[in-house]
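Hello,

Here is the structure I promised to pass along. Please have a look, and find my notes on it below.

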Amino acid sequence: MTPTVWTEMDDYICARLLPADPVLDAVLAASAKAGLPAIAVSAAQGRMLQLFARMIGARRILEIGTLGGYSTIFLARALPPDGRVVTLEADPHHAEVARANFHRAGITDTVDLRVGRAIDTLPQLQAEGQAPFDLVFIDADKPSNPDYLEWSLRLTRPGSVIVCDNVVREGRVTNAESTDANIIGVRRMFDLAGANPRLAGTAVQTVGAKGYDGFALLLVE
Ligand code: SAH
Ligand code: DHB
Ligand code: MG
């Protein structure tokens with residue numbers, strides 16, 4: 001459920017602070033037309049990821065969960081000319097749509113799209129010496145969040161930032177009795193992050209065009 005006022009406020013914010021962007025509009029339209037679920041980050045959230053990347057001067061970014069590449073494009077645009085986003089996607093159809101969208105956005109040389117389950121492609125990145133990444137955006141299957149956090153720690157350095165999406169889920173994450181694998185995955189991620197002395201973290205609850213959710217922000221120390 002997304003109250004009208006949340007969407008109206010998101011529209012207000014984007015109209016004033018985000019440049020008009022026909023390419024991103026076309027990317028969302030192409031993703032919808034191809035039958036992808038409407039679960040990309042909102043424009044305001046994508047912009048926030050982009051600003052995080054710029055604030056830390058990120059040159060190498062890892063994204064787990066590409067979908068149609070909407071968030072990937074925000075991140076790619078934060079990079080210097082020699083920067084790179086590696087983005088991991090399990091679904092070949094999503095990856096195909098994302099590839100066309102990267103072409104639309106003119107970022108094919110900046111993005112390294114790996115098709116396969118992230119639990120298989122993450123070790124490959126390590127073996128290839130792709131680490132360390134300056135920023136990791138975790139946004140794939142939520143039951144695997146604990147694994148993705150562990151891998152993020154292996155693939156980062158002190159000063160790197162890890163952002164994990166959808167960690168509030170309308171407040172259902174507080175339910176310790178939940179049998180929903182998504183909720184259990186998010187709760188394990190919180191427990192791992194909180195218990196790790198290498199991580200300084202918080203989570204911020206958000207409302208907006210994408211409903212009531214939130215993101216975790218973790219700094220590797
Ligand atoms: N980051 C995107 C949204 C990602 S939606 C954006 O904001 O624009 C989550 C994506 O994770 C989906 O495309 C789904 O196919 C993918 N996914 C699910 N399980 C996965 C897995 N095991 N490995 C890699 N990707 C996975
Ligand atoms: C879902 C996944 C997401 O990454 C998201 O931002 C919203 C919803 C989902 O699987 O329902
Ligand atoms: Mg998400």
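**The magnesium site**

In this predicted model, the magnesium ion (ligand 3) has Asp139 (OD), Asp165 (OD) and Asn166 (OD1) as its protein donors, at 2.0 to 2.2 Å. Donors are N, O and S atoms within 2.8 Å of the metal (3.2 Å for Na, K and Ca); water is not among the atoms, so sites may look incomplete. Along the chain, the donors are spaced as D-x25-D-N. Asp139 sits in the loop between strand S4 (135-138) and helix H7 (145-154), and Asp165 in strand S5 (residues 161-165), so the pair ties together parts 26 residues apart in sequence. Helices (H or I, at least four residues) and strands (E, at least two) are DSSP runs, numbered from the N terminus. Asp139 is buried at 15% relative accessible area, and Asp165 is buried at 9%; buried means under 20%, exposed over 50%, partly exposed in between (1.4 Å probe, protein chains only).

**Ligand 2**

An oxygen atom of ligand 2 lies 2.8 Å from a side-chain N or O atom of Asn166, and one is 3.3 Å from such an atom of Asp165. The protein buries 64% of the 290 Å² that ligand 2 exposes when taken alone (Shrake-Rupley method, 1.4 Å probe).

**Conventions**

Residues are numbered from 1 along each chain as its sequence is written, with chains lettered from A and ligands numbered from 1 in the order written. Local features need pLDDT of at least 70 and side-chain atom pairs 80 or more, while totals for chains, interfaces and linings use all residues; side-chain values use heavy atoms, leaving out hydrogens and water.

Best wishes

Note on methods
Polar contact = N/O pair within 3.5 Å; in protein donor to acceptor, adjacent residues only side chain to side chain.
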